[in-house]
Amino acid sequence: MRDETDVTDVQAKGDEKAESLKTIGWVSYLLHLIVAVAAVVPGAQVGIGILLVALIIDLVKKDDAAGSWQASHFSWRIRTVLWAGVLYVVTIPLWLLLLIPGMVAWAIISIWFLYRIVKGMVRMNASQSMPD
């Protein structure tokens, strides 16, 4: 017979999944943050490999977050990486003109990238979805 003072520690599967997705989101955001900070700090390039790992994590886990507030974070990070990549490629010709225009363009893109990652981290910490 069960006593009313017995406590059973039960966590809903939805809660476990949400926490798992949040952990994956934090790992991805931290990898993005390392790349973003390195892009802004001169001479601190860490390589595209870390960014690709973060992007692959987001692409693989995005469907697991479907229907939750966290889905918007996966899309946010994926869009951020893709747009930054396109902008970096499009501005390569500026490096051919003179050094300064290329440096300015890439600095602006890098600051924008860092801003988006930090904004996402702040909203994830508050368990808020990202705007479309």
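A contact is defined here as heavy atoms within 4.5 Å. Among contacts in the protein between residues at least 6 apart in sequence, 64% join residues at least 24 apart. The model is predicted: local features need pLDDT of at least 70, side-chain atom pairs count only at pLDDT 80 or more, and totals for chains, interfaces and linings use all residues. Residues are numbered from 1 along each chain as its sequence is written, and side-chain values use heavy atoms, with hydrogens and water left out.

The protein has five helices and zero strands. Its pattern along the sequence is α-α-α-α-α. Helices (H or I, at least four residues) and strands (E, at least two) are DSSP runs, numbered from the N terminus. Of the 132 residues, 30% count as buried. Buried means under 20% relative accessible area, exposed over 50%, and partly exposed in between (1.4 Å probe, protein chains only). The accessible surface comes to about 8,500 Å² (Shrake-Rupley method, 1.4 Å probe). Carbon and sulfur atoms hold 68% of that surface.

Helix α5 has 27 residues. It reaches 39 Å from its first C-alpha to its last, close to the expected 39 Å. The expected span is 1.5 Å times one less than the number of residues. Buried residues of α5 include G102, A105, I109, S110 and F113. Just after α5, S127 takes a positive phi of about 55°. The 20 residues of α3 should span 28 Å at 1.5 Å a residue, and the end C-alpha atoms are 29 Å apart, which agrees. In α3, the buried residues include H73, F74, W76 and R77.

The largest pocket has a volume of about 680 Å³. A pocket is an open set of points on a 1 Å grid over the protein atoms alone, where a 1.4 Å probe fits, with protein on both sides within 12 Å along at least five of seven lines. Lining residues have an atom within 4 Å of a point. The volume is the space filled by probe spheres set on the points. Of the 26 lining residues, A39, Q45, Y88, W106 and S110 are the closest to the centre. Helices α1 (13-40), α2 (48-61), α3 (71-90) and α5 (99-125) each give two or more residues to the lining. Helix α5 gives the most, with six.

I48 lies in helix α2. This residue is exposed, because its relative accessible area is 59%. The C-alpha atoms of I48 and V35 are separated by 7.9 Å.
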